[in-house]
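Take a walk through this structure, one part at a time.

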Amino acid sequence: MKNLVAINGVNIELEVANDQVTTTSLAIANVFEKRHDNIIAQIKALPQDEFNALNFKAVNYKDKKGEIRPCYNLTRDAFSLLVMGFTGEKAYKWKIAFIKAFNEMEKRLKNLEQEKMQKLAFRQSLGYKSQLKQQKEKYENKIKALQYELEKKNELSFKRKLNIDQLIELRKILARDYEMVCFRKWEYMLFAESVSTKNYKIEKENDFFIYKDIKENFNSKLDYWQNYDKYEEMFRNWKWKK
């Protein structure tokens, strides 16, 4: 991302590189009316330490004759260090203009980062909704398949009221063959209460955690009915030992 600003009648570019706003030694020389080779010499005279490596990057540019010349990209900190010794009223005014330009560019960078985060959150929200839609379609298809199989095989008749044993058998079939859980009214009330109690104070962005709790509770119920005989046997043994 680049931003063109005019300082002291000179059009300069501020550029974002590695999440930092940078300018060039050539732009500084032109604005402060100094020889570029002197600016280069001043930069080279600085200690070659970690700060220098992070804030002064040697690059090249093509001059008006088409010749390749050395140049430096400078961060805001590098700019501040370099122009610290520039004195005079004009130099002061141009420093302020540079700093304002840096501030404006950094503000734009921050806004872009916020936009990225908002877009990411939006995409995640779409993914969550898509996941729910796929789950809904999956279970709708399984319900249709269940209805077809039950009608075709005539395993159970829904024209009469099921007794408790038939109801248990139905729930086992639904869990084992179709990964479905059949709730009676009072069971559903307990199921809903267990989820709502755990998430009694929830915010919109945490909808996924409600979905997770529902999924965990549902899978627990599903596992029970898929392995009903085993669990019942364990329960009988436990009662017998007591």
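The model is predicted: local features need pLDDT of at least 70, side-chain atom pairs count only at pLDDT 80 or more, and totals for chains, interfaces and linings use all residues. Residues are numbered from 1 along each chain as its sequence is written, and side-chain values use heavy atoms, without hydrogens and water.

Is Ser 25 buried or exposed? Ser 25 counts as buried because its relative accessibility is 0%; buried means under 20% relative accessible area, exposed over 50%, partly exposed in between, with a 1.4 Å probe and protein chains only. Its side chain makes a polar contact with the side chain of His 36, at 2.8 Å. A polar contact here is a pair of N or O atoms within 3.5 Å, one able to donate a hydrogen and the other to accept it; residues adjacent in sequence count only if both atoms are side-chain atoms.

Next comes the nonpolar core. The largest one has 30 residues. Such a core is a set of buried Ala, Val, Leu, Ile, Met, Phe, Trp, Tyr and Cys residues joined through side-chain atoms within 4.5 Å. Ile 12, Ile 28 and Phe 98 are among those with the most contacts inside it. H5 gives the most to this core, with seven residues.

Look at Ile 28. Beyond its neighbours within four places in sequence, Ile 28 is in contact (heavy atoms within 4.5 Å) with residues including Leu 74, Phe 79 and Phe 98. A second, separate core of eight residues includes Val 181 and Phe 218.

Note on methods
Helix = DSSP H or I, 4+ residues; strand = E, 2+ residues; numbered from the N terminus.
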